[in-house]
Amino acid sequence: MKRVLSNLLILIVIIFIVLLTTLLIPSQSPQRVLLGFDTELVDAPEDIAFVTSALEAHDARATFFVTGDFVQQRPELVAELAQSHEIACHTMTHPRLRAVNRTRLAWELSECTRVVEDLTGKPVRGFRAPYNLMTRAAYDELPKAGYSYDASWFEHLGLFAPKPNMPALRISSWGFVPLEDYFLIKLLPLGDLAFRVMTWNDDETVILDLHPRIVAEHPEAFTKLLDYYATRNATFETHESVFLSSSGG
Ligand SMILES: [Zn+2]
């Protein structure tokens with residue numbers, strides 16, 4: 001009996017918390033959705049073709065965080081992506097930043113922008129770290145390599161994550177994710193790499209961290225996701241456009 005009561009009490013507390021959270025986080029329509037695709041050697045051209053055609057059908061722009069070796073292997077594909085989307089960097093060879101020395105780190109960052117800029121003729125502004133794991137040294141090197149913003153800030157790691165010394169887009173944060181969006185993403189079988197939906201700086205921007213190969217495995221889910229935000233009149237924009245508008249440029 002005692003056990004039933006304590007379980008009941010726990011249930012009531014949970015229901016109370018859920019209700020409270022729902023009240024505290026009003027359902028809101030995001031203004032902008034930033035889709036970012038980490039694009040690496042393992043991503044097949046067919047997978048990327050699926051992603052781009054789905055984006056095109058929704059008049060959506062996105063950001064592809066490419067590795068330099070991917071660009072070297074698929075230059076035509078990246079040149080085509082650059083026509084409609086932002087190309088940002090994801091290092092040259094996708095190492096764990098913690099595991100490379102300073103010289104190699106600087107090369108990983110600057111060589112990627114060189115390869116992309118040589119191909120597209122457009123400046124690379126953004127960076128996302130492999131495995132989303134930034135280091136203090138990487139934050140020090142990014143501006144030197146010409147980057148303007150970072151898109152790998154794992155805010156919820158708190159003290160364990162180095163603080164950005166440059167404009168940074170959070171890819172995780174505590175709370176303030178509209179519940180509807182949270183459950184949508186949780187329910188969609190987009191793979192566990194796509195679970196992070198966040199608002200950014202309270203400006204109702206949703207940021208999604210995706211991978212072409214995983215998205216292509218779940219075509220209906222991805223289309224449903226695009227439909228969901230499209231019917232709520234959100235625009236799909238590049239990370240760069242948000243960075244440029246927030247920095248007044
Ligand atoms: Zn990656």
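## Buried side of helix 2

In helix 2, the buried residues are I48, V51 and T52. A residue is buried if 20 or more other C-beta atoms lie within 10 Å of its own, exposed if 12 or fewer, and partly exposed in between, with C-beta atoms placed from the backbone. Because they cover an arc of only 95 degrees around the axis, they sit on the same side of helix 2; the arc is that of the directions from the helix axis to the C-beta atoms. The face of helix 2 turned away from its buried side carries the exposed residues E46, S53 and A57.

The structure is a predicted model, in which local features need pLDDT of at least 70 and side-chain atom pairs count only at pLDDT 80 or more, while totals for chains, interfaces and linings use all residues. Residues are numbered from 1 along each chain as its sequence is written.

## Geometry and packing of helix 2

Helix 2 covers residues 45-57, 13 residues in total, and reaches 18 Å from its first C-alpha to its last. This is close to the 18 Å expected at 1.5 Å a residue, where the expected span is 1.5 Å times one less than the number of residues. Helices (H or I, at least four residues) and strands (E, at least two) are DSSP runs, numbered from the N terminus. Just after helix 2, D59 takes a positive phi of about 55 degrees.

The buried residues of helix 2 pack against strand 1 (32-39), helix 4 (75-84) and helix 8 (212-217). Contact between two residues requires their C-beta atoms, placed from the backbone, to lie within 7 Å.

## Residue I48

I48 lies in helix 2 and counts as buried because it has 23 C-beta neighbours inside 10 Å. Leaving aside its neighbours within four places in sequence, I48 is in contact with T39, D43, L77 and P212. The C-alpha atoms of I48 and F37 are separated by 9.5 Å, with the two residues 11 apart along the chain.

## Nonpolar core and whole chain

A nonpolar core is a set of buried Ala, Val, Leu, Ile, Met, Phe, Trp, Tyr and Cys residues joined through C-beta atoms within 7 Å. The largest one has 51 residues, of which L35, V66, I87, C89 and V116 touch the most other members. Helix 5 (residues 102-120) gives the largest share of this core, 5 residues. Not counting residues up to four places away in sequence, L35 touches A60, A62, L208, L210 and F236.

The chain has 10 helices and 9 strands. Of its 249 residues, 37% count as buried.
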